[in-house]
Structures are given as C-alpha cells and as structure tokens.
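Thanks, everyone. Let me put the structure up, and then I'll walk you through it.

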Amino acid sequence: PAANYDPMAAAGSNLARSNPALAERVAASTAAVAAREGVTPAQVPADLVTQSGGGLDPQLSPAAAQLQVARVARARGLPVEQVQALVKANTQGRQWGVFGQTLNFALDHAARAP
C-alpha cells in the first residue's frame with residue numbers, strides 16, 4: 001500500500017478532478033510507471049497512479065498486478081509463469097473478500113520454496 005500502513009500518511013490529495021495540479025501529478029506518475037514497467041502511458045492502470053482516500057488499501061486491480069508481473073518476478077527471482085499463476089490464484093472478484101496481501105504472502109512463500 002502507498003502509505004505503508006502508516007496512519008499518519010492516511011490522506012488523499014484533496015485536489016479536485018478539475019485542478020491542473022492533480023492532472024500534472026497523475027501525468028507525471030503515469031510516465032514514471034510506464035518507464036519503470038516498459039509500457040506506454042496508455043497501458044498504465046489508473047489505480048497505480050491515483051491515490052485512495054487513505055492510502056492503506058492493499059488491493060489493486062488485476063490489470064495493475066499483471067502489469068508488474070515481469071518486474072516482480074525479476075525482483076523475487078521467480079519465473080514469470082509462476083508469478084502469473086500466483087496473481088491468477090490470488091485475484092478476488094468484485095465482492096467482499098478477505099482483506100490483506102494474499103498475493104505478497106504467496107510470493108514470499110514461493111521465493112522460499114526449494
């Protein structure tokens with residue numbers, strides 16, 4: 001999560017959608033994520049560049065998770081196919097579910113497995 005579960009950092013930007021500063025920040029964040037992930041800005045899911053009201057939500061869209069698969073696989077020393085399978089296995093539908101970082105826990109376990 002963006003705030004690292006720090007309640008002191010739990011705040012949105014309070015910028016209106018019509019505020020040019022918000023549009024500039026989102027454009028800069030989009031460009032940075034696109035460069036980091038090796039994709040075009042149009043391929044960056046909005047939830048990777050916008051802020052939740054509290055910054056404490058550990059969940060992200062399936063598109064956002066999928067975009068990061070190759071980088072996460074490199075960082076954790078895992079095959080891309082294994083990370084893709086973990087993303088698929090830990091993707092929840094659009095209903096109330098178990099909150100938490102189930103994918104991160106699965107990745108941690110996979111990286112420790114022989």
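Start with Gln-51. Gln-51 sits in the loop that runs between helix H1 (20-37) and helix H2 (62-67). Keep in mind that this is a predicted model. Is Gln-51 buried, exposed or partly exposed? Its relative accessibility is 46%, so Gln-51 counts as partly exposed. Now look across to Val-26. Gln-51 and Val-26 are 25 residues apart along the chain, and their C-alpha atoms are separated by 9.5 Å.

Next, helix H1. H1 has 18 residues, and at 1.5 Å a residue they should span 26 Å. The end C-alpha atoms of H1 are 26 Å apart, so the two values agree.

Which residues of H1 are buried? They are Leu-22, Thr-30, Val-33, Ala-34 and Glu-37. These residues lie on the same side of H1, because they cover an arc of only 100 degrees around the axis. What do they pack against? The buried residues of H1 pack against H2 and helix H3 (69-76). Turn to the face of H1 that points away from the buried side. There you find the exposed residues Pro-20, Glu-24 and Ala-35.

At the N-terminal end, Asn-19 is the cap. A side-chain oxygen of Asn-19 lies 2.7 Å from the backbone nitrogen of Ala-21. Just after H1 comes Gly-38, with a positive phi of about 70 degrees.

On to charges. Side chains of opposite charge can pair when their charged atoms come close. How many salt bridges does a search of the whole structure find? It finds 2.

Take Arg-36 and Glu-37. Their side chains meet in a salt bridge, at 2.8 Å from N to O. Glu-37 has 13% relative accessibility, so Glu-37 counts as buried. Arg-36 has a relative accessible area of 43%, so Arg-36 is partly exposed.

Then there is Arg-71. Arg-71 forms a salt bridge with Glu-37, and the closest N and O atoms are 2.5 Å apart. This pair links distant parts of the chain: Arg-71 is in helix H3, Glu-37 is in helix H1, and they are 34 residues apart. Arg-71 is partly exposed, because its relative accessible area is 25%.

Arg-36, Glu-37 and Arg-71 are linked in a network of salt bridges.

Technical notes: Residues are numbered from 1 along each chain as its sequence is written. This is a predicted model: local features need pLDDT of at least 70, side-chain atom pairs count only at pLDDT 80 or more; totals for chains, interfaces and linings use all residues. Side-chain values use heavy atoms; hydrogens and water are left out. Helices (H or I, at least four residues) and strands (E, at least two) are DSSP runs, numbered from the N terminus. Buried means under 20% relative accessible area, exposed over 50%, partly exposed in between (1.4 Å probe, protein chains only). The expected span of a helix is 1.5 Å times one less than its number of residues. The arc is that of the directions from the helix axis to the C-beta atoms. Contact means heavy atoms within 4.5 Å. A polar contact is a pair of N or O atoms within 3.5 Å; within protein, one must be able to donate a hydrogen and the other to accept it, and residues adjacent in sequence count only if both atoms are side-chain atoms. A salt bridge is a side-chain nitrogen of Lys or Arg within 4 Å of a carboxyl oxygen of Asp or Glu.
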